[in-house]
Amino acid sequence: MDNTELNNRELRRLHPKVKQATALTALMVNGLLTLLAIGYLIVAWARDWTLWPGWAALGLFTLSFMWFGWALPALQYRYFSFRVAEDELEIHSGWLWITDTIVPMTRVQQVELESGPLLRKYGLAKVSIVTAAATLVIAGLEREEAEQLKRNIGHLAKVEDRDE
């Protein structure tokens with residue numbers, strides 16, 4: 001049995017570094033919001049305004065960071081998997097609202113490979129599979145694996161590769 005046959009039957013997971021990339025995004029966003037809340041507290045203290053909105057914002061941003069920077073990346077990594085077969089693509093996601101999507105390869109119109117600055121920092125990329133009904137995203141694969149997945153899905157769906 002060759003590697004292609006093995007990959008076609010197994011559910012595959014994202015790269016573990018996707019947790020770090022997601023946590024860094026949460027840190028950047030919540031860090032900026034926390035700085036704004038601290039700025040409000042400084043101005044409010046100097047001008048004798050009420051301080052509770054700033055303290056409430058700091059509390060919310062702390063909770064937000066704990067959720068989006070620690071809990072959610074681990075849950076997304078644990079509960080996301082996909083499988084590519086000759087005739088279909090299957091994606092499992094969610095831990096509270098569970099989604100199980102099967103897309104026939106005949107419905108795939110386009111396959112895209114993207115890698116923003118944070119994903120590139122960790123050597124990761126995301127593959128977007130476009131159909132007439134929806135765009136499915138597999139974000140958090142190693143760059144080489146994502147390129148291979150894009151080509152594999154494109155070949156199975158008979159989508160032209162515009163990069164070549």
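**A tour of the salt bridges**

Begin by selecting glutamate 114, which counts as partly exposed because its relative accessibility is 32%. Please bear in mind throughout that this is a predicted model.

Glutamate 114 belongs to strand E4 (residues 108-114) and lysine 126 to strand E5 (residues 124-131), so the pair ties together parts that are 12 residues apart in sequence. Lysine 126 has a relative accessibility of 25% and therefore also counts as partly exposed. In general, side chains of opposite charge can pair when their charged atoms come close.

Next, select arginine 12, in the loop between helix H1 (3-9) and helix H2 (17-46). Is arginine 12 buried or exposed? Arginine 12 is buried, because its relative accessible area of 14% falls under the cut-off of 20%.

The side chains of glutamate 145 and arginine 12 meet in a salt bridge, at 3.1 Å from N to O. This pair links distant parts of the chain: glutamate 145 is in helix H5 (residues 143-157), arginine 12 is in the loop between H1 and H2, and the two are 133 residues apart. The side chains of arginine 12 and glutamate 145 are also joined by a polar contact of 3.1 Å. Glutamate 145, at 25% relative accessibility, counts as partly exposed, whereas arginine 12 counts as buried.

Remain in helix H5 and select arginine 143 together with glutamate 147; both lie in this helix, 4 residues apart, which is about one turn of the helix. These two residues form a salt bridge as well, and their closest N and O atoms are 3.0 Å apart. Arginine 143 is partly exposed, with a relative accessible area of 33%. Glutamate 147 likewise counts as partly exposed, at 31% relative accessibility.

Conventions. Residues numbered from 1 in each chain as written. Predicted model: local features only at pLDDT ≥ 70, side-chain atom pairs only at ≥ 80, totals over all residues. Heavy atoms only, no water. Buried < 20%, exposed > 50% of the residue type's maximum accessible area, 1.4 Å probe, protein only. Polar contact = N/O pair within 3.5 Å; in protein donor to acceptor, adjacent residues only side chain to side chain. Salt bridge = Lys/Arg side-chain N within 4 Å of Asp/Glu carboxyl O.
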